[in-house]
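Have a look at the sequence and the model, then try each task before reading its solution.

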Amino acid sequence: MPDAAVASKRVLFVSRDPRVLDEATHSFGDDVDVIVAPDARKAEELLRQSVPDAVVVDMTTGKEGGYALARTMSQFDALRDVPIIILLERDQDRWLASMAGARLARTKPIDPGHLAADVRTLLAS
C-alpha cells in the first residue's frame, strides 16, 4: 500500500480504443492516477487545466492525432518536459514519433504490464 504522504503521479492516457483504455487504466496501482481522454482535442483541454506527470497517446486519436498532440505540447513551457509515449500502429513510424517529441514509442498491440513499466520508468527519471 502506498504511503499516504506520497503524492500520486498523474498520467494522461489518450485513446479511442475502449479495450486499450480499460487495460491501461487497470495496469497501474493506486499510486498512479490515470486520466482518460478519448481524443487529442479533449486531451488539450485537460492539459490546459493541469499538467500531468506523463502522457500516453494512441497515434490514432481522431482528426488531431498523437503526433499533433506531442508537437502542441512541445510549444508550451509547462508541457515541454512532460514525457510522452506514443502508441503506434506500425514499427515504421518510430522515427515520426521521435520527431514529434515522444520519449518512447511502442507498437500495438501493447502488453499493459509492459506499458505500465515504461510509464513508471519515465516517471522515475
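**Exercise 1.** How many salt bridges does the count come to?

Solution. Keep in mind that you're looking at a predicted model. To count a pair, look for a side-chain nitrogen of Lys or Arg within 4 Å of a carboxyl oxygen of Asp or Glu. By this rule, you end up with nine salt bridges.

**Exercise 2.** Find the partner of Arg19 in a salt bridge, then work out how the two sit in their helix.

Solution. Start with the atoms: the closest N and O atoms of Arg19 and Glu23 are 3.2 Å apart, and the two form a salt bridge. Next, check the helix: both belong to α1 (residues 18-25). They're four residues apart there, so about one helical turn separates them. Finally, check accessibility: Arg19 is partly exposed at 44%, and Glu23 is partly exposed too, at 28%.

**Exercise 3.** Which parts of the chain does the pair Arg120 and Asp31 link?

Solution. First, confirm the contact: their side chains meet in a salt bridge, with 3.1 Å from N to O. Now place each end: Arg120 is in helix α5 (residues 112-124), while Asp31 is in the loop between α1 and β2 (32-37). These are distant parts of the chain, 89 residues apart. As for accessibility, Arg120 comes out at 32%, partly exposed, and Asp31 at 31%, also partly exposed.

Note on methods: Residues numbered from 1 in each chain as written. Predicted model: local features only at pLDDT ≥ 70, side-chain atom pairs only at ≥ 80, totals over all residues. Heavy atoms only, no water. Buried < 20%, exposed > 50% of the residue type's maximum accessible area, 1.4 Å probe, protein only.
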